[in-house]
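Here is a report on a structure with several chains. Look at the structure, then read on.

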Amino acid sequence: MTSPLSTSNDLSRRGNLTPLLPQEATAMHESKPVKPIVSFQDVTKSYGNFTVLDHLNLDVAPGEKVAIIGPSGSGKSTLLRVLMTLEGIDDGLIRVEDDLLTHMPNRNGVLVPANDRHIRRVRGKIGMVFQSFNLFPHMTALQNVIEAPVQVLGMKRAEACERAADLLELVGLGSKLGHYPSQLSGGQQQRVAIARALAMRPKVMLFDEVTSALDPELCGEVLNVIRKLGAEHNLTMLMVTHQMGFAREFADRVCFFYKGQIHEQGTPAQIFEHPQQERTCAFLSAVKEAN
Amino acid sequence: MPISLLNPDGQVLTMGELLPLLIQGAWVTLQVTFFGSLLAIVVAIPAALGRMSPWRALSWFSIAYIEVFRGTSLLVQLFWLFFVLPLPPFNLELSPYSVAIVGLGLHIGAYGAEVMRGAISSVAKGQYEAATALNFSGYKRFRRIILPQALLAAIAPGTNLLIELLKNTSLVSLITLSDLSFRARQLDQATFQTLEIFSLALVMYFVLAQAINLGMRSVERRLARGRMRGGLS
Amino acid sequence: MTLFDWTYAWQILPDLLRASLNTMGITLIGFLIAIVLGLFLAIGRRSRRSWLSWPIAGVIEFIRSTPLLIQVYFLYYVLPNFGVSMTAMQVGIIGIGVHYACYIAEVYRGGLDAVPRAQWEAVTALNIAPYSAYRNIILPQALRPILPPLGNYLVAMLKDTPVLSAITVVEIMQQAKNIGSENFRYLEPITMVGLFFLALSIALAYLVRRLELRLELR
């Protein structure tokens, strides 16, 4: 019942839910230790009395595709949001590559809350796609995609347009450059949103329930784009999703989130076929019922 | 059937002759409306931002400006600028034209600040998040993403304010500026053709108000390009 | 020379207060005219007889889109030609009352439109006469949500009373100008008038907000 990579012994031995080190999770592929590209160390966040992230520890390897599943209110989206600095954390540290995200060393080497310039420098390595797309309604698809490179990276407009056209071609919208968001379907808008995020050349892409707001028949086109991205580029991806089938087939690692902590994690095969924890089983069977 | 009393000179002007004289006044009215509204917009946006700012000193200052200029009468403000400033201790003499533009601009700007505050608040939170995710600085985010959307939302209430401004320009006649109201009064005192003159003046204001309505509607169409469902791109 | 001459200010206070009574009186009576006339205008505008509703709509729109000052000039200088003689104060009150009646008519219209259609149909089905219908059924429902906007127009009207100084009505602004020109010192009188309006409009605005809260709690 327990495979060589058994997680349950590790987890119970460690008592608390410190996660698998990246090499354990991807032992099938690599054998030398890899430096994580994103690292959560003991991150805690509360809203008043409600703790939404509870001493969270998570290391993500470069190029790894992590799917995060779990019941609503468990803190999955918050994990992405604090990484994207949309919200602050109360305790703990977040690292992106070698840099601390939320803190920085001052002149004496003591860690202080990071200033705006530091945050923006580190944040530039991360991109995010939202559940409600959040495209800029007063700009066309092309303008949406070139806006940030031109305004933030200082790219020349012509060059940005060329790149944007390529990116929109990549997501299958090469013919819709001049369309406004209101003229596009939900699936098309989400694909533009993906192209827009990619235009900033992030090292890590965050997908926050990107198909939850779409009609079922439109999910496929978005998931196909994500698949393509995963296959052709070495992007690190963190995905909060309810699409179990997709997570199973696409992710390198699946984390089951419960009450602000990673309750259980492992390869898709481990989580979906041999879940160890009771809550994980309950969640997965409830999901199966719904489908 | 013009009901007019011949003035002592026995001069009666026809509608055709009254009109050009009134148009001169209307031209001044238009100028004051235009520059007054420019000042109002320039003042309204920082005042709205100041009002919403987390810095207490800034928000209190903005609230004070907004409440004082909304809470006191426009005529009081115009008279204050016109009568009080030239005397000690301020010793600042402004022409009636400047007083008109500054007074009207600051007055309507205070109302405009509240309109902008509502408009900026109406921009979806997701827009802020998308801009943050794309690493925009606060300034760029406001100028390129939030403000354009806020301006579109501000057009409907803004049009009403603009028409209020137009009507309020009539008060500058009381600080001796030769706008449409001043000319009308002047002509009336010269010819006593009260009915024609003031009727004509009222109609001219009405026409100007409708022109503003039409103008703003076309501005709205331009700003909202592509936003309407199934609209033209 | 000091910035603000307090003795002077104290001296002129009684005159200003006396004139402020005029200001408040004009506002109150003008407001009464406006809310009564406005109701009739609103009902007329909503009438299904287009020979009634269209002209009324035109008049409302015209008066709302043109300056109060010209309307008041119009009444003050034209009415005598028709044999009507009134004091400046009377003309002023009527002028400001009619002007705001047109704004308030639109507020009433919104309130009446908001009364559910079912109520109108019930009234017809029960064969209630129009006067009783409005008085007992329709108006009580229409009026509650529009009380705050009415309060706002009361404040606006107060702040518009100085316009009447143009036709020699002695309200507080005119009094201040007279005092100022007599003494060659305008700072104190005009500032005090400004404070008067500011204080009243803040107090009224506060009352309107309290009223809003009370209505919502019901």
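## Where chain B meets chain A

Start with chains A and B. In this predicted model, 20 residues of chain B are in contact with 25 residues of chain A. Two residues are in contact if their C-beta atoms, placed from the backbone, lie within 7 Å. α5(B) gives the most, with six residues. Helices are DSSP runs of H or I with at least four residues, strands are runs of E with at least two, and both are numbered from the N terminus.

What classes of residue make up the side of chain B that touches chain A? That side has seven nonpolar, eight polar and five charged residues. Nonpolar here means Ala, Val, Leu, Ile, Met, Phe, Trp, Tyr, Cys and Pro; charged means Asp, Glu, Lys and Arg; the others, Gly among them, count as polar.

## How to read the model

Residues are numbered from 1 along each chain as its sequence is written, and chains are lettered from A and ligands numbered from 1 in the order in which they are written. The model is predicted, with local features needing pLDDT of at least 70 and side-chain atom pairs counting only at pLDDT 80 or more, while totals for chains, interfaces and linings use all residues.

## Where chain B meets chain C

Now turn to the other side. Here 32 residues of chain B are in contact with 30 residues of chain C. Five helices of chain B each supply at least two residues to this side: α2 (56-71), α3 (74-84), α6 (138-168), α7 (180-191) and α8 (194-223). The largest share, eight residues, comes from α8(B). By class, the side of chain B that touches chain C has 22 nonpolar, six polar and four charged residues.

Two pairs of chains touch, and the pair B and C has the most contacts. Chains A and C do not touch. Their nearest C-alpha atoms are 28 Å apart.

## The domains of chain A

The domain assignment of chain A gives domain 1 (7-125 + 202-290) and domain 2 (135-201). Such bounds come from an automatic or database domain assignment. The centres of the two domains of chain A, taken over C-alpha atoms, are 27 Å apart.

In chain A, 11 residues of domain 1 are in contact with 11 residues of domain 2. On the domain 1 side, helix α8 (residues 216-232) of chain A gives the largest share, four residues. That side of domain 1 has eight nonpolar, one polar and two charged residues.

## Inside chain C

Chain C has eight helices and zero strands. Its C-alpha atoms fill a box of roughly 75 × 50 × 25 Å, taken along the principal axes. Of the 218 residues of chain C, 38% count as buried. A residue is buried if 20 or more other C-beta atoms, placed from the backbone, lie within 10 Å of its own. Among contacts in chain C with a separation of 6 or more, 77% join residues 24 or more positions apart.

Which residues of α2(C) and α4(C) make the contact between these helices? α2(C) brings Ile60(C), Ile63(C) and Arg64(C). α4(C) brings Val98(C), His99(C), Cys102(C), Tyr103(C) and Ala105(C). By class, the residues of this contact are six nonpolar, one polar and one charged.

Key. Buried ≥ 20, exposed ≤ 12 C-beta atoms within 10 Å, placed from the backbone.
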